[in-house]
Amino acid sequence: MFTMKTTLRNLACLLVILLLGGGLFAQKCTISGVISDTSGPLPGATISTGTSGATTDVNGNYSLRLDPGTYTLEASYIGFTSQKKEFTVEAGQSLTWNVNLSEDAVSLGDVIVVGTRTAPRSSTTTPLPVDVFRAKELTSTGQTTFDKALQYRVPSFNTVQTPVNDATALLDPYEIRNMGPSRTLVLINGKRKNMSALLYTQTSPGRGETGADISGIPTDMIKRVEILRDGASAQYGSDAIAGVMNIILKDGVDDGRFILRTGITAEGDGEMIGAAVNNGTKLGEDGFLNYTIDLSKTFLANRPGTVSAGGEASDFGADIAVVEEFLSRKPDAGNINGSPETTAMKFALNAGKKVSENGEVYANAAYIYKKVNSYANYRTPYWRTLDAFPYLENFFGDQYGHIDANDNGILDYDGYVPTFDGDLIDYNGTVGFKSEKNGWISDVSFTTGSNEQTYIIRNSHNRNMTLNADSTFKYRENSPLVFDPGGTRFVHNVGNIDVTKRFSDMFSFAFGAEFRTEDFTIIEGSVASYEDGGPDSFSGNDPRNSGKFNRYNFGGYLDAAVDVTDDFLINGTVRLEDYSDFGEAFVWKLSTRYKLLDDRLTIRGSASTGFKAPTLHQIYTQKAQYSFVPGQGIQVGGLVNNVSREARLLGLPQLQPEKSTNITVGLGVRPISGLSLTLDYYNIALKDRIILSTEIGATADGDTPLDDILVANNLSDLSFFVNGLDARTSGIDFVANYRGIQLGTGSLGASLSGNYTISNEREGDVKNPELVEGAGQSVANETQEALFFTSRPKYKAILGLDYEISDFTVSLGNTLFGPTTFNQQGMDANLYTEFKTKIVTDLGLSYNATDKLNLTLNVNNLLGVLPEWEFKAENAEGQAIIDDTSTNSFGLTPIQEQSNLITFNQRYSQMTYDGYHFSQLGTQLYLTLSYKF
């Protein structure tokens, strides 16, 4: 049995043994020089003997101290053809080798940092599937944020704005391999990035989860991105079940740029203006500092639907004539949804400096501020009526009222729209020291990070209470109109020790340890924001549910890679973690690779176990939650945390970590110069998946602890987190790149990549708590399972063409979004909805006007393709509903009634209330001016 104590003792003994064999006293000789390309020195290039190595400094200089003997040195750099040369050196001798590397598009992804703790491997010879993207490939998409750029570069990566833009407007859910945002680990220069403070609670993709905020990372600061499409908990710890994203920051000092961006949608809204500077400078003779400042503002893009009068009259019990009169003036019922107004300020830096011949310090940091202005659903005058709330005319008549023809110019109450202002502050920073001695490369670092989100609600009211100045209750007509509901904050601090050594061309070894503390704070709101349900749109944090919650964990790993032959590699990793709240987790990984046909064909595979710790957000969040209930409008439910008194009454078990078993097999092929292909099959079994349950309502008899909790807290229903089910995800990834094709006087590059989901489904029965099971309810219904398993495209493919000729570059991208399916809440059980397969075409035109000035025009979604959905029948009864042309008293057919149920009477007709698979904004145009310093 593995324990923390025995593992550490064995690790210490192994370290002593390895050090004794390190050859500490051999007399040294030196090989030094400069690595450059046609533009000048290449900082960060690698020089290696196979057993030891170094990287070049800011001036391209390197120096190797070696034992006497014969060596084959290899100089390499990402995107360049490597060079080798043999040297024989004697004791005390100094030799010079200056290397000039030539660019090679084929080797663009050669050096892979993520996915192994030992020596780097190439994308086709690594035992793991890794995608590598340069900054140019991301910015060429024309997308204004990093996450949306990945959406159109990585088939297995999906993200889209949620239909309801309240707290989720600050951060859109994203995921790899349709497994949710919390199962992808994000690294910055190889170090763990902090999670977001936001917990998704809406009925949309990503429900019940959180993830790192990658949308705020400035793309102009990114050198490249490495995406490991495989489980990697053994190497990196919790969260790395679906994969790992490693963001490498720029480190250059010569290529400073000023970037000006502007854009607009084809509808004439969503205007965007942004300015950024990326620049670098030397720190002495052997150091660098690269930094980016990015300022931007994007205005509202509004895409409401035309609201159904019959549906409104039916839902709100209103006079159809009153509804029709209102909708004649406001066909969209005043609703505002689409892409919210967003202002962003981003700062990032990356630095490094040698402090000795074999040691260097490094640091990176980022600070992100975002402000989002979005809207709740418009409260129409027949929804929030003057009969029920006579004071609303005084509150909102002047702002939202209209002039009736018979009222002599007097404003009549016409409803109101609550607004939602969100402020996000995200920062992360790392400082570390890396050194090499006798072939041992050690890396010691400290990382900190935080994400805070706070909110302000305006143009709303508390329907149930108000306060006097002395805090006594007062009539509700004196409710405030502005509310501070509080917010959330997440902070982590991480210490890392990583040590690696290549003992020979056949064996390399690494070990390391990590200590991490996490703090999650629920920031309490003002009294009026939470008392008796809070404002009419978004409830604040009750101080009884607020506070600061903490945990820590300590982990260690061992990693060994053995090249049994030049072609056959075996890599193994084990990891043990100990968490302060749930105990230990032991995971392992074994991967292998075999090369054939002079390295033109690589067969690879891996098997591993993994885990994901329940987040502090999932353990401790408890609050009132506004949500859409089909046919009933917006209702207030309760989210009960896992350690509360209510949870004990319900018999909810303590959350346990998810466990996974990952299997990946694939091959990499380079049949001819310039062409590379990879094909990988993956199978991920997930046990005890943590889910946010469906809303559990009252029982028919009303005499259970569940009913008591609902009545005592004035809730229509409640939900909670639970290890609710087991699941399995399997599929195929395909990537093909063909670079350097000579076409006329220009050069053509082509890429085709795709992801196909074979299965993504629950295994076995839902794991309902006893009380829920006894009440005939379930924590995961059809709506939930559709969000978990089918709300992202079943398949997705990206075809990209880039043609460079003289000073012009033309880019054409086609992204195929496969079908997604939903089972929206309240919809007839004999029906489901499906978003149709669509192709989105993007066009980019780039012109180098001078050696310093570049102009780029991006037309995203050139053909204005929009998401489109339709009803599908589960059976004959469902088809009968679709075919039925009879109408009710409001003139609605059965299928129109179902459509109104899931779109809030067509307010969200383009995407339904649960989500969609790509942007609903249509064609977008962006112009970028880049000036090189």
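What follows is a short chat about a predicted model.

Visitor: What sort of model is this, and how are residues numbered?
Guide: It is a predicted model, in which local features need pLDDT of at least 70 and side-chain atom pairs count only at pLDDT 80 or more, while totals for chains, interfaces and linings use all residues. Residues are numbered from 1 along each chain as its sequence is written, and side-chain values use heavy atoms, with hydrogens and water left out.

Visitor: How many helices and strands?
Guide: The protein has 15 helices and 50 strands. These are DSSP runs numbered from the N terminus: helices are H or I with at least four residues, strands E with at least two.

Visitor: And what share is buried?
Guide: Buried residues are 58% of the 933 in the protein. Buried means under 20% relative accessible area (1.4 Å probe, protein chains only).

Visitor: Where is Ser-204?
Guide: Ser-204 is in the loop between strand S14 (191-192) and strand S15 (222-228).

Visitor: Buried or exposed?
Guide: Ser-204 is buried, at a relative accessible area of 3%.

Visitor: What is Ser-204 in contact with, leaving aside neighbours within four places in sequence?
Guide: Thr-162, Leu-787 and Asp-914. Contact means heavy atoms within 4.5 Å.

Visitor: Changing topic, how many aromatic pairs are there?
Guide: The structure holds 30 aromatic pairs. Rings of Phe, Tyr and Trp (its six-membered ring) pair if their centres lie within 6.5 Å; planes under 30 degrees apart count as stacked, over 60 as edge-to-face and the rest as tilted. One of the pairs is Phe-326 with Tyr-382, edge-to-face, at 5.7 Å centre to centre and 85 degrees between the planes.

Visitor: Where do Phe-326 and Tyr-382 lie?
Guide: Phe-326 is in helix H6 (residues 320-329) and Tyr-382 in the loop between strand S23 (359-375) and helix H7 (392-400), so the pair ties together parts 56 residues apart in sequence. Both Phe-326 and Tyr-382 are buried.

Visitor: What about Phe-420 and Phe-538?
Guide: Their ring centres are 5.1 Å apart and their planes at 65 degrees, so that pair is edge-to-face. Phe-420 lies in strand S26 (residues 419-437) and Phe-538 in the loop between helix H8 (527-530) and strand S32 (547-563), so this pair ties together parts 118 residues apart in sequence.

Visitor: Which residues form the aromatic cluster with Phe-326?
Guide: Phe-316, Phe-326, Tyr-378, Tyr-382, Trp-383 and Phe-904 form one aromatic cluster.

Visitor: Which residue lies over the face of Phe-904?
Guide: Arg-907, at 4.1 Å from the ring centre. A charge sits over a ring if NZ of Lys or CZ of Arg is within 6 Å of the ring centre and within 35 degrees of the ring normal.

Conventions
Buried < 20%, exposed > 50% of the residue type's maximum accessible area, 1.4 Å probe, protein only.
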